[in-house]
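Dear colleague,

Here is the structure I said I would pass on. My notes on helix packing and the nonpolar cores follow below.

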Amino acid sequence: MAQQAYVTETDSGGSEPDRRESGLRRLPGRLVSGWRGDPRIWRRGIVLAAVAVVLALVMGLHARIPNAIGNLGSLTETFLPWLGLLIPVLVLLGLVRKSATALIAVLLPAIVWLNLFGGQLSDKTGSGGDLTVATHNVNADNTDPAGTAQDVAASGADVVALEELTADAVPTYEKALASTYKYHSVQGTVGLWSKYPLSGVRSVDIQLGWTRAMRAAVTTPAGQVAVYVAHLPSVRVKMEAGFTARQRDKSANALGEAIADEPVQKVVLLGDLNGTMNDRALRAITAQMRSTQGASGSGMGFSWPASFPMARIDQIMVKGIEPMSSWTLPETGSDHLPVAARVKVDTSAS
């Protein structure tokens, strides 16, 4: 008697993606399961906890990291906000290891980071103001100086500072900005363009041997303002020397002295300082001036490199003037982003 075999087919189409999706949905449950009644949650993850404590100490005591070896302190301070990226990594590893000790320890760097940078996460932008300023390192190798100048002028700034100007490109910038800015002066590789009259224009010696800083008094409708434009020396990270910034630090001190001796009470500093507000090497400047981004910006305001900004080394700083808002401008043909700020010169009614 012949037997007939029957084959039953099972539809397995899509089962693998379904299993993966189901696995992902169950992942949070697996991470938090098995904690209750497990005494090992306090013994596991000791190394992770130690890393979290070290991270908190590095961020909290960054000012004590010595610069004697490769300017390690300044290098750390330049990219200090980015250390916060290690916090969620430590949290995830703590969950994977099922370590209560590690997760509690991670609270330390989280608190320190929020204390240092939490205020920058909020939007402090205000309204009002009577003067808009902008600064841009245009890059000596910029292939479109005319377009870059037009982009910066389109910001509506009353006063514009440009750094890293080459002798060949200066006529192009002058021509592109002439219709918007009646007054201007170029000193060495830095320049200032203004809708309002300039006086007392001079170069500022920042001990380089050539001119990369200038000063001018701008007579605005709200009062006279001393405007400094500066491009401090570049820093380099070298395998054999670390974070080399000695010349930058020397120039920063000279610029700080010049600003401290300024007779005009209201001062604006515009420029590429090749350092962040956290960098102790700029203390001669930052100790006497306020960052418009820190006081009235939204977010970190990173300006360099333009393709993927990681640090704010292009600064607008004020003294005797109230910052109202601060922001970065769209990318131009430079490797830096332009930055701008709206400030209140006449603070008599504040």
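Helix α4 (residues 86–96) and α5 cross at roughly 170°, and their axes come within 9 Å. Axes here are lines fitted to C-alpha atoms, for helices over the stretch in contact, with angles from 0 to 180 degrees between N-to-C directions. The pair is therefore roughly antiparallel (over 145 degrees; under 35 counts as roughly parallel). On the α4 side the contact (heavy atoms within 4.5 Å) involves Ile-87, Leu-90, Val-91, Gly-94 and Leu-95, while α5 contributes residues including Ala-102, Val-106 and Trp-113.

The model is predicted: local features need pLDDT of at least 70, side-chain atom pairs count only at pLDDT 80 or more, and totals for chains, interfaces and linings use all residues. Residues are numbered from 1 along each chain as its sequence is written, and side-chain values use heavy atoms, leaving out hydrogens and water.

Helix α2 (residues 46–60) also packs on α5 (residues 100–117), at about 15° with the axes 8 Å apart. These two are therefore roughly parallel. Among the residues making this contact are Ala-49, Ala-52 and Ala-56 of α2 and Ala-105, Val-112 and Leu-116 of α5.

The largest nonpolar core has 23 residues, and Leu-192, Val-227 and Leu-270 have the most contacts inside it. Such a core is a set of buried Ala, Val, Leu, Ile, Met, Phe, Trp, Tyr and Cys residues joined through side-chain atoms within 4.5 Å; buried means under 20% relative accessible area (1.4 Å probe, protein chains only). Strands giving it two or more residues include β4 (190–194), β7 (223–231) and β10 (267–272).

Regards

Definitions and conventions: Helices (H or I, at least four residues) and strands (E, at least two) are DSSP runs, numbered from the N terminus. Angles under 35 degrees count as roughly parallel, over 145 as roughly antiparallel, 65 to 115 as roughly perpendicular and the rest as oblique. Buried means under 20% relative accessible area, exposed over 50%, partly exposed in between (1.4 Å probe, protein chains only).
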